[in-house]
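Thanks for making time this morning.

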Amino acid sequence: MTPEQAATAAKPGVLELGGAFSDDPRTLRRARLMGLSGWAFYVAGRGGALGDVRTDTVAAALGFIAPEAVVDGWEAARRVVPPMEVASARLAECCRWGVENLGDFARLDRLTELVQRLVVSADPAGMPLFAAWRAMPVPDDAPAARAAVLLHLLREYRGGGHLLAVRASGLTPLEAIIAGPDGEAGAVAFGWQPPYPPIGPLVRRRMWAEAVTDRISSSAFAVLESSERVELVGLLDSALHMVQARTGAGPKEGITDDLGAAARRVMGESGPVNGERGKPPAA
């Protein structure tokens, strides 16, 4: 298995396992306890690893969210708590999710070892969110917590690569979403307002961007031997099936490399999809 083949095969496990904590009800409850909407918690929690920076900087790093929607979430959170504190709370929720959902995975130590080698060796050039999250102190040393954080970091690495690939393809973030599996519904969820560009001319570029994303992500997998890549893909699949069986969730369709299904549901709760940006949801 080549590094590029491994990056492609690992995509479902990386995207779902690395982002599942964002969708967990207890994570959203943490947001409410901090006085934040799920949307504000997501934007400030994910972008807060960069520090208390300007909103246009956060929007540029997040990439796929409409800048106006980033402003809504970022400023709503900043009025309540510093963004770095939100990021720390989000990381704590990632650890908590890992302990609850990965703690009894039979080969947790080996999964953690392999993913850690990828994360440590990954080149962060052009990926500010990945670099910022990798520098964040992990609040829980439990093996399952560390595994969840590493999977989250690997997801941010692939997401950063996808943003680079989309721009290299000549697509704007909005065009990439429109040409993706969710189309205009995805654009609405990400806070983009119509009119939207026609899909037809964009699809081929989007497919090229997906292939380039795999190529960029594959550089991290090069640190492993071929047999180890096969092993890692198998471990990710096994862990994903275990988590899906526990939570009752089946394979998600339409998963994208940008925010993914979990973030879209957070948006649906309290984000641009229903016009409630920045407003804490009802308890």
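Let me begin with how elements are assigned: helices (H or I, at least four residues) and strands (E, at least two) are DSSP runs, numbered from the N terminus. Please keep in mind that this is a predicted model, in which local features need pLDDT of at least 70 and side-chain atom pairs count only at pLDDT 80 or more, while totals for chains, interfaces and linings use all residues. Residues are numbered from 1 along each chain as its sequence is written, and side-chain values use heavy atoms, with hydrogens and water left out.

On that assignment, the chain has 14 helices and zero strands. Its accessible surface, computed by the Shrake-Rupley method with a 1.4 Å probe, with only the protein chains shown counting as cover for residues, comes to about 11,500 Å², and 56% of that belongs to carbon and sulfur atoms. Of the 283 residues, 55% are buried, where buried means under 20% relative accessible area, exposed means over 50%, and partly exposed lies in between (1.4 Å probe, protein chains only). If we take contact to mean heavy atoms within 4.5 Å, then among contacts between residues at least 6 apart in sequence, 80% join residues at least 24 apart.

Now to the core. In soluble globular proteins, nonpolar side chains tend to be buried together. A nonpolar core here is a set of buried Ala, Val, Leu, Ile, Met, Phe, Trp, Tyr and Cys residues joined through side-chain atoms within 4.5 Å. The largest such core has 88 residues, of which L102 and L232 touch the most other members, and α9 gives the most to this core, with 13 residues. Leaving aside neighbours within four places in sequence, L232 is in contact with L111, L114, V115, L118, F221 and L224.

Which residues does H152 contact, leaving aside its neighbours within four places in sequence? They are G18, F21, R90, C94 and W133; H152 itself lies in helix α9 and counts as buried because its relative accessibility is 3%.

Two charged residues deserve a look as well. E228, in helix α13 (residues 226-247), is buried at a relative accessible area of 13%, and beyond four places in sequence its contacts are R110, L114 and R117. R46, found in helix α3 (residues 38-47), counts as buried at 6% relative accessibility.

As for the loop between α11 (183-189) and α12, F190 is found there and is buried at 2% relative accessibility. The C-alpha atoms of F190 and I65 are separated by 5.0 Å, although the two residues are 125 apart along the chain.

The elements that give two or more residues to its lining are α1 (3-23), α9 (143-168) and α12 (203-221), with the largest share, four residues, coming from α1. That lining divides into six nonpolar, one polar and two charged residues, taking Ala, Val, Leu, Ile, Met, Phe, Trp, Tyr, Cys and Pro as nonpolar, Asp, Glu, Lys and Arg as charged, and the others, Gly among them, as polar.
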